[in-house]
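Please examine the model shown below.

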Amino acid sequence: MAGGDTYDEMLGSVSAYANAAGPLFGNAETINHAYRWIREWLDHSPPEVMAARRRQAELFFRRIGITFAVYGDPDATERLIPFDIVPRILERAEWTKLEKGLVQRVNALNAFLADIYGKREILAAGILPEPLVLQNAAYCLHMAGRQPPGGIWTHIAGIDLVRTGPDQFYVLEDNARTPSGVSYMLENREVMLKLLPELFEHVKVAPVDTYPEMLLETLASVSPRGDRAPVIVLLTPGRHNSAFYEHSFLADKLGIELVEGSDLFVRDDKVFMRTTEGPEQVDVIYRRLDDEYLDPLVFNPGSMLGVPGLMAAYAAGNVTLTNAVGTGIADDKAIYSYMPEIVRFYTGEEPILQNVPTWRCREPEALGYVLDHLAELVVKEVDGSGGYGMLIGPHAPQATLAAFAAKLKAAPEKFIAQPTLALSTCPTAIDAGIAPRHVDLRPFVLSGRDGVKIVPGGLTRVAMTPGSLVVNSSQGGGTKDTWVVDDWDAE
Amino acid sequence: MLSRTASNLYWMGRYLERADFTARLIEATQRLAALPSSYGGATNAWESALASTWMTQSFAERGLPINEANVADFLTLDTSNSSSIRSCIETARANGRSVRTALSAPAWEAINTAWLEVSRWGPHLQNRDELEPMLELIKLSASAFEGAAQRTMLRANAFWFIFLGSAVERADNSARLLDVKYHLLLPRGESVGGSLDYFQWTTILRTVSAMTAYRWVYRDSVKPWLVADLLVLSRKIPRSLASCYEEIRRILDLLAAESGKRGPAHRLAAAGHARLSHTSIDKVFEEGLHEFLTSFIVENNKLGDAIAKQYLF
């Protein structure tokens with residue numbers, strides 16, 4: 001469905017690129033006011049200049065050392081994520097609306113998590129089927145009856161949004177566990193400021209470099225101890241993790257210790273780190289480690305990455321983990337399909353952000369429909385992430401469809417299906433010039449005792465392959481700098 | 001050592017430091033000026049940059065509007081501005097060349113290489129693109145010279161005079177930078193009017209490359225009085241007034257150890273060092289940050305004069 005009617009954020013339609021004659025985009029109108037400077041710049045930048053900029057950008061990223069690892073690819077332990085030098089633009093008014101929707105949605109998510117691990121009112125009200133929650137593999141029994149400090153569960157959420165028209169935004173995923181990518185949001189801006197300062201002269205872009213400050217405040221606000229400045233650490237699985245660069249980057253920006261499991265120990269239900277000056281008690285752990293590795297005494301006994309006794313200290317209220325344990329259930333794609341109801345139930349308001357229509361294959365009627373229309377749909381595992389294990393019907397050969405149908409019939413409760421959305425495109429620099437490429441947007445939403453905060457914009461991911469809808473970096477997707485534009489020169 | 005040699009080395013240290021500071025200041029100002037006005041993206045960012053280099057008056061004499069193109073050109077390339085980056089590098093290299101034998105070969109080559117690059121610069125900035133590589137070059141050259149000197153020069157008078165110059169200049173630069181923004185740096189407890197000033201404070205930190213250092217020292221969100229504390233009293237960052245005076249005192253002591261003589265420069269340095277050691281940022285705010293900084297700049301100038309007098313420059 002990524003055909004001629006696809007919405008382009010600069011020109012209104014991808015077909016405008018094809019009709020271009022003369023300067024880059026011919027007579028095509030720029031629909032978004034804020035894109036005019038970008039278009040001007042693209043119109044006046046010859047291909048060799050663009051090529052030089054792209055090389056320069058790559059050099060910057062190499063020098064910074066911002067790399068990630070792709071699992072299962074022995075040659076790619078330190079790979080660069082492709083960076084596109086054409087920024088993606090949102091006008092302030094567009095952003096303000098998104099921001100409201102994000103705050104509403106994250107508030108609802110926090111209330112939902114507090115409820116299903118607490119009084120379970122939403123189940124009593126019959127809004128969600130009980131088995132979907134209580135028998136869900138991602139429902140953490142250990143957390144039942146517990147409330148983390150401040151009642152906040154998902155301190156850092158990375159809500160994935162896609163766009164299909166001028167006012168049509170959809171939430172694709174909530175990423176309430178441990179969303180990554182914020183280092184790219186920050187470094188993309190740094191590189192753009194160095195690479196193309198002349199663009200910032202005309203277009204006034206809302207800054208993103210307050211993120212570390214806001215994150216630090218959020219983490220400090222949920223400290224279990226009020227009597228002193230909290231000791232905060234970032235817990236990483238280590239340098240072999242695909243997001244290790246991001247872990248070290250954030251720890252540095254926040255001025256907190258980057259620790260591995262073995263740097264921590266638990267005594268008397270308190271967590272300490274081993275320092276040259278003896279044990280130092282830790283109050284908040286920003287963990288970039290999945291639940292199941294956190295504590296070998298409670299979860300996976302084979303985990304060498306966690307800290308024995310950590311969950312006991314957590315239960316005793318002596319340490320805060322961000323995000324809270326058990327938030328993974330909110331990432332379940334069958335639960336996701338109930339988000340409109342969840343938002344209404346906890347906020348009493350209509351959801352501002354739309355969900356993508358979703359068929360829950362666990363329901364026989366839906367399964368029948370999905371099997372009949374497999375070639376038109378996107379099918380995902382309910383607990384999948386990173387673009388792994390999903391089927392994109394329109395792009396799949398017949399044999400793959402047949403194999404997937406068999407998988408669906410064998411375990412329907414493990415899958416959901418959605419229509420193939422015509423994701424919006426943005427102008428993107430490619431070897432042959434400028435072309436439309438599909439994008440999504442991941443804003444990072446912070447929840448602390450002092451409320452919900454969002455840095456304007458977020459991470460724009462772009463599918464670098466023509467026509468591709470898969471933006472995940474593990475699948476060859478790239479990133480763009482995202483600009484929320486406040487004002488610009490009239491000329 | 002010849003007085004003339006000492007003077008040349010001392011001024012070489014000062015001019016290199018000034019070039020490096022100016023490069024950082026331009027970068028941080030660009031960033032501030034690029035912000036939307038709703039974030040305090042100050043239209044007067046470039047005025048502040050001029051004020052931080054004490055160039056407001058000499059720029060005004062040119063009758064040009066204060067904007068990025070004009071101010072950046074003035075601070076980098078203008079040959080009639082004796083403190084432009086180009087002038088600084090030229091003066092530093094001329095100083096170094098006339099006392100070539102006092103420098104180790106790698107140290108001399110570092111400064112000569114910088115000068116060769118700078119001499120290829122055009123008379124004026126043609127476009128914004130040129131600026132970034134120029135500023136990168138200056139920062140890199142300053143590090144290269146300092147590194148080469150640290151690694152290869154004899155620990156003797158020549159070495160000490162260069163770094164004495166750097167430290168005196170650095171103290172002056174940091175104090176001026178803070179003084180231009182003193183009205184935005186409020187004492188603890190005073191209301192700070194939202195986060196509008198946040199970007200002004202972080203601009204100060206960025207100018208001295210201390211944004212990340214701030215967090216490691218205070219483990220706290222950016223607070224104006226802590227920004228002042230970091231730049232005035234903290235021993236942990238090399239560009240604070242306290243660190244500069246520790247360095248000045250140490251070097252003057254080493255010079256005295258060699259010559260066996262102490263003089264007014266030693267007394268002034270010790271007094272300045274003591275003033276910074278026996279105070280707290282709360283006391284500084286009580287006295288008034290602006291008054292404190294102004295008097296510091298005056299005293300620092302007196303120290304510069306005393307050094308010149310004592311060593312017969």
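This is a predicted model: local features need pLDDT of at least 70, side-chain atom pairs count only at pLDDT 80 or more; totals for chains, interfaces and linings use all residues.

Residues are numbered from 1 along each chain as its sequence is written, and chains are lettered from A and ligands numbered from 1 in the order in which they are written.

**Chain B: overall form**

- Chain B has 15 helices and zero strands; helices (H or I, at least four residues) and strands (E, at least two) are DSSP runs, numbered from the N terminus.
- Chain B is as compact as a globular protein of its length, because its radius of gyration of 19 Å is close to the 20 Å that the globule rule gives for 313 residues. The radius is taken over C-alpha atoms, and the rule is 2.2 Å times the number of residues to the power 0.38.
- The C-alpha atoms of chain B fill a box of roughly 55 × 50 × 35 Å along the principal axes.

**Confidence**

- The mean pLDDT of chain B is 91, and 96% of the residues score at least 70; pLDDT is the predictor's confidence in each residue, from 0 to 100.
- For the complex, the predictor gives an ipTM of 0.75 and a pTM of 0.86.

**Where chain B touches chain A**

- In all, 18 residues of chain B are in contact with 20 residues of chain A, where contact means C-beta atoms, placed from the backbone, within 7 Å.
- On the side of chain B that touches chain A, the elements giving two or more residues are α1 (3-33), α9 and α10 (211-218) of chain B.
- The most comes from α10(B), with three residues.

**Features of chain A**

- A:Arg163 lies in strand β3 (residues 160-163) of chain A and counts as buried because it has 24 C-beta neighbours inside 10 Å.
- Leaving aside neighbours within four places in sequence, A:Arg163 is in contact with A:Tyr7, A:Gln168, A:Phe169 and A:Ser424.
- The buried residues of α4(A) include A:Trp95, A:Leu98 and A:Leu102.

Technical notes:
A residue is buried if 20 or more other C-beta atoms lie within 10 Å of its own, exposed if 12 or fewer, and partly exposed in between; C-beta atoms are placed from the backbone. Two residues are in contact if their C-beta atoms, placed from the backbone, lie within 7 Å.
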